[in-house]
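Here are some exercises to work through with the model open beside you. Try each task before reading its solution.

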Amino acid sequence: MSRSARRIPLVNLSHYRSGTPEERTRFVRVFGEALREFGFVSVEGHGIDDGLIRRTYADVEAFFHQPEAVKQRYHVPEFGGQRGYTPFGREHAKNRTVGDLKEFWHVGRDLPSGHPRSPSVAAHNIWPEEVPSFRANTLDLYRALDEAAAVMLQAIAEYFGIERTTFSDMAQDGTSVLRVIHYPPLKDRFVPGAVRAAEHEDINLITLLCEGTASGLEILTRDGEWIPVDTLRGQIVVDSGDMLSRITNGVIPATTHRVVNPPSPAEDNTRYSMPFFVHPYPECVLAPLPSTVTPDKPGEPPITADAFLKQRLREIGLLK
C-alpha cells in the first residue's frame, strides 16, 4: 500500500459507551488491534464539544501572541515543565541535544487540599492574567478529555480480557497534563538541525490529541515507513505511550512519531496543537501484566510512575 493510501483505523467511541453488544465488541477489537499494529487510532463520537476546542485554541493563540517578557513570567523551572510556560527550544527529544521548534503551556490536575494524593504532586497550576478565559476553557477541556480517556482505557483492558477498570484506576487522580503547543513559522525561529518535534515516543499511558491547526504529524510504522496522520475536525487521535507499553510488555508498543517542518515557504504557517497526556497517579507501580509474560519475554522490572516520569523528564531536558 502506498504512503498516501495508508491510514490509521477510525472508531466511534459512542459505540463503546452506548452501542449494541455487537458494536461494543467490535470497538474493543478494532481499537485494541489499531494500537497493537500502529500505536495510533482516530476516534470520533468522543463527546468533546467542538465549541470548547475552538474557544481553547483562541485562548492559546492569544497567550502565545504575548511579548516574550510576559510569557517568561509564567516559566517555573522548579516545576520541571509540568505547569505553566516552557520556552521555545527548551524541550528536546530523548537522545538529542537540539531543542524542538516549539513553546508550550501545561495545565495539570489540581487536587483539593486534604486529598490523600495531593502531597505527591508538588506542582500546581498557574494562569496567564492576560487571557482571562484561559483558565476556565483549559480546565473544561482537561476534564472532558480526562473522562474520555478513562473510557478508552477501559476498552483497552477489555481487549486484554482483564478487569475493565485496571488501567482507568491507574489514571484516577493521576498526573495527566494538557499541553497546548505553539509552533511558530520557521522564518521567525529556525534553528539549524532542529525540527518542530523530533522523533520520539510519548512517556505516558495514552495521549489524546485534539485536531491540530495544520498538518505535520507523522508516525513510523512497524515496517519502517513514515506516514502522515491528519487530526481532522471532529476527531481525536489516540496513541499509546511508554508506560502502557511497559505494562503490556510491548504487546501495545509506544510508536515513534514526529512533527515535521513545513515543506515549503508557502506552507510555513503557525501551528497549534493540544495533546492530553494521560498519566497514572505517582505511586502506581508499572509492572507487566501476567498474561503478557513469557520465559523469552519476562518484561521490565517494576517501577513507580513517578520514578519513570522523572527519569524521562531528565532525558528530554525538562528536569535537571
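Helices here are DSSP runs of H or I with at least four residues, numbered from the N terminus. The model is a predicted one.

**Exercise 1. The end of α5**

Task: Find which residue just after α5 takes a positive phi, and check the span of α5 against its number of residues.

Solution: Begin with the residue that follows the helix: just after α5, Gly 161 has a positive phi of about 70°. Next, take the length. The expected span is 1.5 Å times one less than the number of residues.

**Exercise 2. α3 against α5**

Task: Describe how helix α3 and helix α5 pack, and say which residues make the contact.

Solution: Start with the geometry. Helix α3 (residues 50-64) packs on helix α5 (residues 134-159) at an angle of about 135°, and their axes are 9 Å apart. Angles over 145 degrees would count as roughly antiparallel, and 65 to 115 as roughly perpendicular, so α3 is oblique to α5. The crossing of α3 past α5 is left-handed. Now list the residues: α3 contributes Leu 52, Ile 53, Arg 55, Thr 56, Asp 59, Val 60 and Phe 63, while α5 contributes Phe 134, Asn 137, Thr 138, Asp 140 and Leu 141. Sorted by class, the contact of α3 with α5 holds six nonpolar, three polar and three charged residues.

**Exercise 3. α2: length, buried residues and partners**

Task: Work out which residues of α2 are buried, what they pack against, and how α2 meets α5.

Solution: First, the length. Helix α2 (residues 21-37) has 17 residues, which at 1.5 Å a residue should span 24 Å; the end C-alpha atoms are 24 Å apart, in agreement. Just after α2, Gly 39 takes a positive phi of about 75°.

Second, the buried residues: in α2 these are Phe 27, Val 28, Val 30, Phe 31, Gly 32, Ala 34 and Leu 35. As you look along the list, keep in mind that an α-helix has 3.6 residues a turn, so residues three or four places apart point the same way. The partners of the buried α2 residues are β1 (10-12), α1 (13-18), β2 (40-44), α5 and β10 (236-240).

Third, take α5 on its own. The axes of α2 and α5 come within 9 Å and cross at roughly 90°, which makes α2 roughly perpendicular to α5. On the α2 side, the residues that meet α5 include Arg 24, Phe 27, Val 28, Phe 31 and Leu 35; on the α5 side they include Met 152, Ala 155, Ile 156 and Tyr 159. The contact of α2 with α5 divides into eight nonpolar, one polar and five charged residues.

Notes
Residues are numbered from 1 along each chain as its sequence is written. This is a predicted model: local features need pLDDT of at least 70, side-chain atom pairs count only at pLDDT 80 or more; totals for chains, interfaces and linings use all residues. Side-chain values use heavy atoms; hydrogens and water are left out. Axes are lines fitted to C-alpha atoms, for helices over the stretch in contact, and angles run from 0 to 180 degrees between N-to-C directions. Helices (H or I, at least four residues) and strands (E, at least two) are DSSP runs, numbered from the N terminus. Angles under 35 degrees count as roughly parallel, over 145 as roughly antiparallel, 65 to 115 as roughly perpendicular and the rest as oblique. A crossing is left-handed if the near helix is turned anticlockwise from the far one by less than a right angle, and right-handed if clockwise. Contact means heavy atoms within 4.5 Å. Ala, Val, Leu, Ile, Met, Phe, Trp, Tyr, Cys and Pro count as nonpolar, Asp, Glu, Lys and Arg as charged, and the others, Gly among them, as polar. Buried means under 20% relative accessible area, exposed over 50%, partly exposed in between (1.4 Å probe, protein chains only).
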